[in-house]
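Let's take a friendly walk around a few annotated residues. Have a look at the structure first, and then we will go through them together.

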Amino acid sequence: MRTDRTFTMLKPDAVEKGHIGAILEKINASGFRIVAMKLTHMTTQDAQAFYAVHSERPFYGELVEYMTRGPIVAAILEKENAVEDFRTLIGATNPADAAEGTIRKLYAASIGENAVHGSDSDENAAIEGAFHFAGREMF
Ligand code: DAT
Ligand code: MG
C-alpha cells in the first residue's frame, strides 16, 4: 500500500549548527507539505525505542547518545511518493556517498551525525509519525 506521508527528524547536529531554516526551505521547495512539526528533545528511552531495530548494531550506543544530546525538529511530510522521494532528497546514510545537492551532502558531517532522518517505508512512516505526534497535532 502506498501512502503519501513520510516522517523526518532534523537531528541534533543540524539544529546545533543553525540549519533548520535552510533544510526546511529545501523540503518545501521539493514539494513536501508539512502535516505536523515540532521542536522536541528525545529522552534516552525515546531514542532507544525509536531505533530499537538497530539495538544489536555496534553503533547503537553512540546513536542514542547523539540523538538525545539536544533538541530535534520532528515533522510529518506529505507528497505523492513521499517516502521514496524524501530518501532521494536526503541522500545516502553516509554523507561521503550522498549525491550532490542532497541534504546530507550539504549539511551532514559523518555517517554517525548525518543531519536528517527519513522513514524507509510507508509502514515505518506511520509508526514513526505516531511515535512523535498525536492525531490532533496532524493537519
Ligand atoms: P538511515 O538513517 O539512512 O535510514 P539506517 O536506518 O541504516 O540509516 O541507520 C540509522 C542511523 O544510524 C543512521 O542515520 C546513522 C546511524 N548509523 C547507521 N550506520 C552507521 C554506522 N555504520 N556507523 C555509525 N552510525 C551509523
Ligand atoms: Mg533507517
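Does His117 count as buried or exposed? His117 counts as buried because 21 C-beta neighbours lie inside 10 Å. Here, buried means 20 or more other C-beta atoms within 10 Å of a residue's own, exposed means 12 or fewer, and partly exposed lies in between, with C-beta atoms placed from the backbone.

Before going on, note that this is a predicted model, where local features need pLDDT of at least 70, side-chain atom pairs count only at pLDDT 80 or more, and totals for chains, interfaces and linings use all residues. Residues are numbered from 1 along each chain as its sequence is written, while chains are lettered from A and ligands numbered from 1 in the order in which they are written.

UniProt lists His117 under "active site" in an unreviewed entry.

His117 lies in strand 4, and Asn114 sits in the loop between helix 6 and strand 4 (116–118). Thr93 is in the loop between helix 5 (82–90) and helix 6 (103–107). Helices (H or I, at least four residues) and strands (E, at least two) are DSSP runs, numbered from the N terminus.

| Residue | Other C-beta atoms within 10 Å | Class |
|---|---|---|
| Thr93 | 15 atoms | partly exposed |
| Asn114 | 23 atoms | buried |

Now for contacts (C-beta atoms, placed from the backbone, within 7 Å). Leaving out residues up to four places away in sequence, Thr93 touches Ile111 and Asn114. On that basis Asn114 touches Thr93, Pro95, Arg104 and Ala108, and His117 touches Thr8, Met9 and Lys11.

Note on methods:
Two residues are in contact if their C-beta atoms, placed from the backbone, lie within 7 Å. UniProt positions are given in the numbering used here, feature names are shortened, and annotations may be inferred rather than shown by experiment.
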